[in-house]
Amino acid sequence: MREITFMEGTREVLAAAMEADPTIFVVGEGIGARGGNFATTLGLYERFGPERLRDTPISERGFVGMCCGAAMTGTRPIVDFMFLDFILDAMGELINQISKIQYMSSGRLKMPILLRGCIGIGHAAATHHSGSYYPIFTHIPGFRVVVPSNAYDAKGLFATAIRSDDPVLFLEHKSLIFNKGQVPDGDYAIPFGQARVAREGTDCTVVAIGSMVDKVLNVAGELAADGVSVEVVDPRTVAPLDMDTILASVHKTGRLLVVDETFQPCGIGAEIAAQVVDRGFDDLDAPIRRLNGAHAPTPYSPPLESAIVPNLQTIAQSIRDLLAE
Amino acid sequence: MAVEIVVPRLGWTMEEGIFGEWLKPEGASIAVGDLLFTIETDKATQEVESLEAGILRIAPGGPKAGDVVLVGALLGYLTAVGEAAPLATAPARSSTFSEKSNFSESVSAATPAIRGNEPTISPRARRVAGELDIDWSALNGSGRTGRIVERDVRAAAAQPRPEPVEGQPVLAEVRATPVARRLAEDAGIDLAAISPARPGARIGREDVEAAIAAHTPLPAPTQLPAPSQLATPNSQLIPTSRIRRLIAQRMADSAHTTAAVTLTTEADASALVALRQQLKATFGPRNLPVPSYNDLLIKLSAVALQAHPHLNATWNETEIVLHEVVHIGLAVDTAEGLLVPVVRDAHLKGVRQIAADTQALAEKIEAHRVGPDELQGGTFTITNLGMYNIDAFTPIINLPQCAILGVGRIVAKPVIVNDAVVPGKTVALSLTFDHRVVDGAPAARFLNAIREFVEEPALWLVG
C-alpha cells in the first residue's frame with residue numbers, strides 16, 4: 001500500500017498488462033514518446049516502443065475504426081482520446097460498429113476495445129474540451145461505462161477494463177487524475193456494477209458520480225456537525241449500474257438526491273430516479289431530487305465555469321431542501 | 001415562451017424611473033410597435049413601445065402609477081395565444097436573458113401544493129402507517145407541502161392509544177373514514193366485519209353501503225314493547241353495546257339454524273393433571289411459560305379433529321366443506337362480553353407454540369388491541385367453564401363451525417379402579433354438534449377420542 005495518483009494507478013496496470021499480453025497496444029494523439037497529454041502512457045514508449053504505442057494523426061474516425069477492426073481480428077487495442085470530447089468524431093464507428101459487432105456476429109466476434117479519455121469541467125477548457133457525455137454511452141446497448149472517483153477505484157477498475165472482452169469507456173475526470181490515494185501494490189480488480197458506499201448515513205442517500213463524490217463527502221462531513229447523517233453512494237460504473245446498493249440505501253433512508261456534473265435531462269440521475277420509483281416506491285418519503293451541471297455548453301470564463309457546476313454550497317442546499325420535504 | 005416586459009434604460013445614466021400607466025389592458029393583443037406603458041424620467045414622461053407581439057399579461061404585484069421602478073424591473077409578459085404567463089410575482093430585478101432551454105432546470109424542483117383539502121402522504125409513510133396500524137388520515141404532515149411523512153407517522157405511533165369509551169367495541173381500531181363509521185353505526189353493522197376495497201385501505205362509504213345491501217341489519221326492537229313498559233320501578237336500563245348485539249345475533253342465528261345436539265361424558269383427569277404439574281415443575285423454575293389446561297386441550301382437540309374431519313367442517317347446503325387446517329377458537333370472557341380468539345394451525349403447532357399464541361392473544365385482548373383477523377377463521381371452538389365449577393353444559397355452536405367442546409371443572413371424586421372405590425379426578429366433557437353435518441355416532445366417537453386423549457396424553461403429545 002502506498003500513496004499514488006489516480007493516473008499512476010492506471011499506468012501500473014497498463015504497463016503490467018502490456019508486459020504480459022503482446023496483443024495489447026495503445027493508439028492516440030501524443031501517447032507515444034510524449035507519454036500522453038495527461039501522462040496516461042508516461043514511460044511506456046521507452047519500454048514497449050512504437051509498435052505498441054502508436055501516435056496517430058488527428059482523425060478519430062479513422063483510428064477508432066481501425067481499432068474496431070483490430071479488436072475484431074484478435075488484438076486488444078486501447079484508444080486514448082486525450083480529451084474525451086474527441087470521441088464525438090468517431091460516433092459512427094462507436095455506436096454503429098463497436099457497440100453492435102458482438103450482437104451482429106452472434107458472439108463470434110469479440111470487441112475487447114478500451115476507450116479512455118479525460119472528461120469534465122474545471123480547467124477553463126471550455127466548450128470543446130470539457131465534455132463527459134457518459135449518459136449517451138450508457139443509453140446505448142453494448143458498452144461498459146466506468147467513472148472512477150479516486151485512485152484506488154481507478155486502478156482496480158482499469159484492471160477489469162483491460163481484461164474485458166466488451167467495449168469499455170474508461171472516463172477519467174481531469175480534476176481527479178492527479179489526486180493521490182492509498183493504493184495497494186499488487187494486482188486487484190474491482191468488478192463492474194459494484195457500487196461503493198463511501199459514507200454511511202441514515203437521513204438521506206446521495207448518489208454522487210465521478211468528480212462529485214469528493215464534493216459530496218466534503219459536504220456530508222460538514223453537515224454531520226449539524227446532526228445530519230448523509231449516506232453517500234459512488235456507483236463507480238454507470239453501465240452496468242448497481243441499483244441494488246442504491247435501493248438498499250433508499251430503503252434505509254427514504255430520501256434520494258443524485259449529484260452529477262453532466263446535464264440533467266435524460267441523465268444518469270433520471271435513470272436512477274425512475275428505477276427507484278419503480279422498485280422502491282414504498283421506501284420513498286420524499287420526491288427524488290437531482291442536482292446537475294447546467295444544461296448549457298461549458299463557458300470559458302472561469303467565474304462562469306464555476307457557476308455552472310454543483311459546488312459545496314449548492315450541494316449542501318440541495319441536501320437541506322431534500323430533508324425539508 | 002413568454003417574453004418579459006421590463007423597464008427600459010431610456011438614458012445613458014438612467015437607473016430608475018417612475019411608472020406611469022399601462023396604455024393597453026390586461027389580455028390585449030399587442031403588435032410590434034404598439035405603445036405599452038409610460039415611464040417618467042428626469043427629462044419627461046415617455047411612452048414605451050413594444051418590440052415583440054403577443055398577449056399582454058401584467059405581472060401581479062407590479063408597479064402602480066407613481067411607483068419608483070428600477071431599470072430592468074419586470075412589468076409583465078407577452079405570451080403566445082393560449083400560453084400561461086409565468087406564475088411568479090414580479091421580482092425586484094428581472095433576468096438579463098430569457099431562458100430558451102428545452103427543459104426547465106430543476107435544481108430545487110417545486111412539487112405541486114396540496115390538491116384541495118385532501119391530505120397527501122409519502123409512499124414510505126403510508127407503508128409504515130400500515131405496519132404500525134396508524135390511521136394517517138387524521139395526522140398533520142410536516143413535509144414541505146403539508147405532506148405526511150414517515151416521522152409524522154412514527155410520532156403518532158409513539159403516543160399512547162386512548163382508552164375506549166364505555167359502550168364502544170373493544171376490537172382494535174378499524175381503519176375507516178368518518179363517514180363510513182357513522183353509516184355503519186347507524187345501520188348497526190360491525191365495521192370489523194367489513195373488508196375494505198383493497199387490503200390495507202380504509203373502509204369507505206361504498207364498502208359500508210355494500211355491506212348494508214348484503215347484510216341483514218341487526219334487528220331493531222320494533223316488535224318489542226317499549227323499554228319503559230317492561231321496566232319495573234328502579235330497574236336499570238343498559239343500552240346494548242355493539243358487541244352485545246353482535247353476540248346476540250350470532251347466538252340466535254346458531255340456535256335457529258343448527259340442529260344442535262349435546263353429548264356429555266366424564267374423563268379421568270388424573271393423567272392430564274399430572275402432565276400439567278410436570279410442565280409446571282419443568283418450565284416454572286426456568287421462567288418459561290407454562291402451558292395451561294386450555295393449551296393442552298387445544299392441542300389434543302386438534303389432533304383428534306385430524307382423525308375426525310367431519311367435526312372440523314362447515315355446512316354449505318349442497319356440500320359439506322371438510323377443512324384441511326385446524327384453527328381452534330378459545331372462548332374468553334371479557335368485561336365487554338364473550339370473545340373467541342383463534343389459535344391458527346393448531347394441528348401443526350406444538351403445545352409450547354400454542355401456549356405462546358394464547359398468551360399473546362390474551363395480552364392483546366387485555367390491551368384492547370385484538371383485531372378482526374384474530375377473531376375469525378376458526379374451524380372448531382373450545383369453551384371452558386371449569387373455573388366456575390360447572391360440569392356438563394350445552395355450549396352453542398360457533399357458526400360456520402359444526403361442533404364445540406365444553407370443558408367442565410376438574411373435580412375430586414370417588415372413582416372405580418379395578419373394582420375398588422378410590423379417590424380420583426374427573427372432568428366433564430360436553431360436545432355440541434350440528435346434526436345436519438354429522439350424526440350422533442360419529443360425533444360420539446369423536447368425543448370418545450377426546451376423552452381418550454385426556455386420559456392418555458402420550459397418544460397426542462408424542463406426535
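L14(A), A15(A) and M18(A) in helix α1(A) meet L44(A), R47(A), F48(A) and R52(A) in helix α2(A); two residues are in contact if their C-beta atoms, placed from the backbone, lie within 7 Å. Please note that this is a predicted model, in which local features need pLDDT of at least 70, side-chain atom pairs count only at pLDDT 80 or more, and totals for chains, interfaces and linings use all residues. Residues are numbered from 1 along each chain as its sequence is written, while chains are lettered from A and ligands numbered from 1 in the order in which they are written.

The residues of this contact of α1(A) with α2(A) divide into five nonpolar, no polar and two charged. Here Ala, Val, Leu, Ile, Met, Phe, Trp, Tyr, Cys and Pro count as nonpolar, Asp, Glu, Lys and Arg as charged, and the others, Gly among them, as polar.

How do the two helices pack? Helix α1 (residues 6-20) of chain A and helix α2 (residues 44-52) of chain A pack at an angle of about 55°, with their axes 11 Å apart. That makes α1(A) oblique to α2(A); angles under 35 degrees count as roughly parallel, over 145 as roughly antiparallel, 65 to 115 as roughly perpendicular and the rest as oblique. Axes are lines fitted to C-alpha atoms, for helices over the stretch in contact, and angles run from 0 to 180 degrees between N-to-C directions. Helices (H or I, at least four residues) and strands (E, at least two) are DSSP runs, numbered from the N terminus.

I turn now to the sheet. Seven strands of chain A form an open sheet with mixed pairing, in the order β3-β2-β4-β5-β7-β6-β12; two strands pair if DSSP finds at least two bridges between them. β3 (53-55) and β12 (237-239) of chain A stand at the edges, each with a single partner strand, so one side of each is left without a neighbour in the sheet. On average, neighbouring strands of this sheet are turned by 20° against each other, direction ignored.

Strand β2 (residues 24-28) of chain A pairs with β3(A) in the parallel sense over three bridges, and V27(A) stands opposite R54(A) in β3(A). Helix α3 (residues 60-72) of chain A packs on the sheet, touching β2 and β4 (76-83) of chain A, and its direction makes about 160° with that of β4(A).

Finally, strand β13 (residues 256-263) of chain A and β14(A) pair in the parallel sense over five bridges. In β14(A), L291(A) is the bridge partner of V259(A).
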